[in-house]
Amino acid sequence: MEVVVTKSAGFCFGVKRAVEQVYEQVRQGKRVYTYGSIAHNEAVVKELEEQGVTVLESREELEKLTEGTVIIRAHGVAEEIYKLLEAKGLAYIDATCPFVKRIHRIVQEQSALGRQIIIIGNNGHPEVEGAKGWTKTPAVVIETPQQARDFTVKNGEKLCIVSQTTFNYKKFQDLVEIFQEKGYDIIVANTICNATENSQREARELAAQADVMIVIGGTHSSNTRKLYEICRSECESTYYIQTLEDLKLELPNSVELVGITAGASTPNKIIEEVQNYVRINF
Ligand code: SF4
């Protein structure tokens, strides 16, 4: 039996960079706070907590803070959070992923030029909430074809469409098409990051060949959930686990290929543990 792990499984560039910045501040002896969990993975958050890192869960908690260094995670935050940090005189490190920063720049510029910003993504996702906080006029978040069909412009407004970095590429294209069919004046910026596209493509290709697929990632991680959906559509025996402890694997003798992939917030250590376990036990 063969066990194959997708090349891009695990921490993406942006999350890796943010996590490293947290460890760097800890090494320097700073009292570190992250604004929201640095990675959507409980094991990572727990390990950092053990090193004295505190997660600020809300704006209210940030408002009460009087000391320490705040790390803005890869998802980014609204402009008003920077203003709050500055007004409070708190030290902070901006670990917003450059691909997310690009979205902030686009929506800021295009909304200033009078375009209505459409964000294709999941309303309530922290990255989307952050991006909404950079527009001059309120953005509209579109997640489903029905919402796209129901959308109408006021007074011949022009649109600018961007995407949540982790949105499914195919669904993004389908939603953009609905807007294009309406004949509006639209600028489309495909802001889905390559890390997501690559990992989705690799996962699909591997799942298409595998008898069993294991997808590792936090239960709150939207990119892991999407990987799971993709793998499940190609391979019926797809397992979604957070850590090795969740894996209740039963492999019939006929299984020849087990594929493993992991969301962008999954540390290598967990991927290796799962991989070794499957190799040794089956
Ligand atoms: Fe950056 Fe892409 Fe990772 Fe999001 S998924 S943090 S955009 S590298």
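Predicted model: local features only at pLDDT ≥ 70, side-chain atom pairs only at ≥ 80, totals over all residues.
Numbering runs from 1 along each chain as its sequence is written, and side-chain values use heavy atoms, with hydrogens and water left out.

View 1. For the sorting, Ala, Val, Leu, Ile, Met, Phe, Trp, Tyr, Cys and Pro count as nonpolar, Asp, Glu, Lys and Arg as charged, and the others, Gly among them, as polar. The ligand takes up the space of the largest pocket (a molecule sits in a pocket if more than half of its atoms lie within 2 Å of the grid points).

**View 2. The largest pocket.** Its volume is about 500 Å³, taken as the space filled by probe spheres set on grid points joined across faces, edges and corners. Of the 37 lining residues, C12, V15, T166, N223 and A264 are the closest to the centre of the pocket. Helices α1 (13-27), α5 (98-112), α9 (194-209) and α10 (222-234) each put at least two residues into the lining, and α9 gives the most, with 5 residues. Helices (H or I, at least four residues) and strands (E, at least two) are DSSP runs, numbered from the N terminus. By type, the lining of the largest pocket splits into 16 nonpolar, 18 polar and 3 charged. On a 1 Å grid over the protein atoms alone, a pocket is an open set with protein on both sides within 12 Å along at least five of seven lines, a cavity is a set of points where a 1.4 Å probe fits but cannot get out, and lining residues have an atom within 4 Å of a point.

**View 3. The cavity.** There is 1 cavity of 30 Å³ or more in the structure. The largest cavity holds about 40 Å³ of space, lined by T34, I38, V45, L48, E49, V53 and V55. Helix α2 (residues 42-50) gives the most to this lining, with 3 residues. Sorted by type, the cavity lining has 5 nonpolar, 1 polar and 1 charged.

**View 4. Aromatic rings.** The structure holds 6 aromatic pairs. Take Y82 and Y92: the ring centres are 6.0 Å apart and the planes sit at 80°, so this pair is edge-to-face. Y82 lies in helix α4 (residues 79-88) and Y92 in strand β5 (residues 91-94), 10 residues apart. Rings of Phe, Tyr and Trp (its six-membered ring) pair if their centres lie within 6.5 Å; planes under 30 degrees apart count as stacked, over 60 as edge-to-face and the rest as tilted. Y82, Y92 and W134 form one aromatic cluster. Y82 is buried at 11% relative accessible area, while Y92 is partly exposed at 28% (buried is under 20%, exposed over 50%, partly exposed in between, with a 1.4 Å probe and protein chains only).

**View 5. Two loop residues.** V153 sits in the loop between α7 (145-150) and β8 (159-163) and is partly exposed, at 22% relative accessibility. N122, in the loop between β6 (116-120) and α6 (126-132), counts as buried at 17%.
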